[in-house]
Amino acid sequence: MGLLTLIGCICAGLLAATAVALLVVAYRLGLLYRLLHKADPRSPRYGGELVAEVLKAHGVRFVFALAGGHISPILVASEKLGIRVVDTRHEATAVFAADAVSRLSGRIGVAAVTAGPGVTNAVTAIKNAQMAESPLLLIGGAAASLQKGRGALQDIDQLSLFKTLCKACISVRTVRDIVPALRKAISTAQSGTPGPVFVELPIDVLYPFHVVEKEVGGAKSARGIRGKLVQWYLQNYVHNLFAGAWVPRDVTPLPVKVPLATEDEVQRCAELVSRATKPLVLVGSQALLPPTPAEELREALEALGIPCYLGGAARGLLPPESPLLLRQNRRDALREADLVLLAGAVCDFRLSYGRLFGRQTVVVAVNRDRAQLLRNADVFWRPRLAVQGDAASFVVGLARRLRGYSCPADWLGGLREAEQRKEKANREKAATPTPQHLNPLDLLYRLDALLPPESLLVADGGDFVGTAAYIVRPRRPLSWLDPGAFGTLGVGGGFALGAKLCRPEAEVWVLYGDGSLGYSLIEFDTFVRHKTPIIALVGNDACWSQISREQVAMLGSNVACGLEYLDYHAVAEALGGKGFVVGRPESERLDAVLRAAQDACRQGHPVLVNALIGKTDFREGSISV
């Protein structure tokens with residue numbers, strides 16, 4: 001009896017294991033789901049429509065793309081729903097444009113690229129968005145799931161490319177999964193420390209049933225057991241793709257989670273500030289993220305009355321004439337301050353890794369991301385108070401706690417005097433002629449004098465843009481776009497495109513170096529086709545000057561740094577825009593050329609001003625590595 005019982009138990013176990021295995025197989029094949037949900041082979045609907053519905057529900061107004069058969073259903077469906085499809089000449093430009101929309105509008109920016117090379121062309125722009133903490137959705141086409149790894153056109157392992165670059169990487173396997181996958185991805189991009197997400201949509205979840213069945217559904221008749229099994233598998237695969245596809249689903253946005261400081265943390269900071277005699281605030285790009293409106297943050301800074309340095313997207317947060325706004329002598333001010341509030345600013349290379357603070361300086365750091373919050377802490381600096389939370393709401397709460405607080409007048413007055421001395425020295429350098437061509441400082445001062453209140457500046461370059469950061473003054477919050485910590489060249493065309501679409505009333509200027517211009521000059525075709533008039537001001541010194549300056553001094557060679565004074569304005573003209581060139585002989589009419597560029601832009605023309613500039617020592621010793 002004992003042996004029979006043992007055999008019976010073993011048989012029962014094997015049967016149970018077999019049953020479980022069969023259930024798992026049935027689940028993976030979608031057989032269980034199909035007991036309750038059927039595919040509708042006659043439906044003309046397709047997965048691209050679901051993508052467009054989700055985007056529309058999330059307030060998406062633009063989809064930036066470069067055409068490809070893998071993503072055609074998304075583009076067509078988006079256009080039908082009133083989402084403007086803006087096609088560019090390079091996938092990186094599409095991602096940069098989506099990045100700009102995200103930064104300026106507070107809504108998710110969206111780019112769609114075709115499979116394989118289209119996806120790989122987007123990698124640098126996605127990494128830039130990650131380091132700039134910019135929430136955007138990259139939709140990538142892909143080979144049909146069934147054909148992955150079988151030599152399909154442009155089939156590569158795309159998810160592996162983005163695992164270290166994106167907050168989430170998702171591959172959608174059935175049409176019914178499109179809506180929940182996109183909703184979750186968008187919420188993930190915008191929550192916590194924002195960043196890009198990648199959603200891979202294989203071609204067979206985007207096209208209609210009859211198209212997919214024709215391509216991957218197998219032969220209508222098959223011979224032999226093996227042939228019939230393959231035919232059954234393929235037919236089941238197609239039906240599972242579309243099972244329950246058109247069941248109504250919620251497409252509205254999921255909640256976005258933003259980390260906030262505690263009341264105790266705000267109070268502790270208020271106590272530290274109230275005891276300080278030389279306080280200073282550094283505001284980084286992260287402080288401009290939703291949900292706190294930029295105007296509310298500006299009012300809080302003005303209420304505090306503490307002198308401020310603004311970096312990245314925070315430039316323009318305070319008006320140019322604000323007595324609190326500082327742009328010069330930051331290194332000296334940080335060494336002298338007895339309290340520094342890092343509101344979204346990070347102790348990376350931009351702050352010399354934290355080595356700029358005085359030994360007795362009290363540092364309060366606020367950042368959504370813990371790694372950024374404590375970057376290089378306990379190596380070169382140590383925060384008295386480190387707060388993992390939203391910087392803007394923290395500053396607003398601090399201002400409420402410190403009503404009636406007054407920053408010591410002698411501290412602010414001394415900083416303002418040093419600021420004015422530096423400004424005077426810069427003006428004197430601008431008035432000194434260069435050995436040839438235009439003085440770039442003079443050019444930028446003249447531009448600054450002509451900028452209207454509704455202007456927006458895009459920075460894409462090295463030396464010329466680095467100079468502009470000290471000269472040109474953004475007029476309002478969210479009116480300066482630069483790549484961020486990654487220092488990517490080539491953002492100009494995409495950033496300008498996204499900016500002009502978001503703010504059609506703004507006069508958008510792209511400040512290009514002649515080196516960086518090469519990455520996106522072809523996008524003048526995009527500006528013309530999509531009627532997005534912008535002005536590109538090219539600081540053309542025929543050189544990669546930021547690199548050359550140190551390379552020549554340290555290594556004695558200018559190899560790979562030399563360019564030519566090319567007719568970039570003629571290229572813009574050939575692409576349908578307007579072009580101007582100005583150099584030393586035309587210096588007396590420089591203002592007239594800039595005004596003519598503004599007039600042409602107001603008439604609807606994209607414009608390129610090719611400004612031939614000479615060399616100065618203004619940025620000697622600046623960082624290039």
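**Exercise 1. The largest cavity**

Which helix and which strand each supply at least two residues of the lining of the largest cavity?

*Solution.* The structure is a predicted model, in which local features need pLDDT of at least 70 and side-chain atom pairs count only at pLDDT 80 or more, while totals for chains, interfaces and linings use all residues. Residues are numbered from 1 along each chain as its sequence is written, and side-chain values use heavy atoms, with hydrogens and water left out.

Step 1. A cavity is a set of points, on a 1 Å grid over the protein atoms alone, where a 1.4 Å probe fits but cannot get out; lining residues have an atom within 4 Å of a point. Grid points are joined across faces, edges and corners, and a volume is the space filled by probe spheres set on the points. Rolling a probe the size of a water molecule over the atoms shows where empty space is left.

Step 2. Count and size. The search of the whole structure finds two cavities of 30 Å³ or more, and the largest has a volume of about 70 Å³.

Step 3. List the lining. The largest cavity is lined by Gly-59, Val-60, Arg-61, Phe-62, Val-101, Ser-105, Arg-107, Ile-108, Gly-109, Val-110 and Cys-502.

Step 4. Assign the elements. Helices (H or I, at least four residues) and strands (E, at least two) are DSSP runs, numbered from the N terminus. Helix H5 (91-105) and strand E3 (109-113) are the elements asked for, each with at least two lining residues.

Step 5. Classify. Ala, Val, Leu, Ile, Met, Phe, Trp, Tyr, Cys and Pro count as nonpolar, Asp, Glu, Lys and Arg as charged, and the others, Gly among them, as polar. This lining divides into six nonpolar, three polar and two charged residues.

**Exercise 2. The second largest cavity**

Determine which element gives the most to the lining of the second largest cavity.

*Solution.* Step 1. The volume of this cavity is about 30 Å³.

Step 1. Its lining consists of Leu-342, Ala-345, Val-346, Cys-347, Ala-365, Val-366, Asn-367, Gln-372, Leu-373 and Trp-381.

Step 2. E11 and helix H15 (370-373) each supply at least two of the lining residues; E11 gives the most, with three.

Step 3. By class, eight of the lining residues are nonpolar, two are polar and none is charged.

**Exercise 3. The setting of strand E10**

Explain why strand E10 (residues 339-343) is largely enclosed by the rest of the structure.

*Solution.* Step 1. Buried means under 20% relative accessible area, exposed over 50%, and partly exposed in between (1.4 Å probe, protein chains only).

Step 1. Five of the five residues of E10 are buried, so the strand is largely enclosed by the rest of the structure. Leu-339, Leu-341 and Ala-343 cover one side, and Val-340 and Leu-342 the other.

Step 2. Two strands pair if DSSP finds at least two bridges between them. E10 pairs with strand E7 (residues 279-283) in the parallel sense over five bridges, where Leu-282 stands opposite Leu-342. Five bridges also join E10 to strand E11 (residues 362-367), again in parallel, and Val-366 in E11 is the bridge partner of Ala-343.

**Exercise 4. Backbone geometry in loops**

Locate Tyr-353 and Ala-542, and state whether each is buried or partly exposed.

*Solution.* Step 1. Tyr-353 lies in the loop between E10 and E11. Its phi is positive, about 65°, although it is not a glycine. Tyr-353 is partly exposed, with a relative accessible area of 36%.

Step 1. Ala-542 is found in the loop between E16 and helix H23 (545-555). Ala-542 also has a positive phi, about 55°, and is not a glycine. Ala-542 is buried, at a relative accessible area of 11%.

Step 2. A further backbone feature is the cis peptide bond from Pro-290 to Pro-291, with omega near 15°. Pro-291 lies in the loop between E7 and helix H13 (294-304).

**Exercise 5. The surroundings of Pro-533**

Identify the residues in contact with Pro-533, leaving aside its neighbours within four places in sequence.

*Solution.* Step 1. Pro-533 is in the loop between helix H22 (524-529) and strand E16 (535-540), and it is buried, with a relative accessible area of 12%.

Step 1. Contact means heavy atoms within 4.5 Å.

Step 2. Pro-533 and Cys-601 are 68 residues apart in sequence, yet 5.5 Å apart in space, C-alpha to C-alpha.

How values were computed
1 Å grid on protein atoms, 1.4 Å probe; cavity = no way out; pocket = protein on both sides within 12 Å on 5 of 7 lines; lining within 4 Å.
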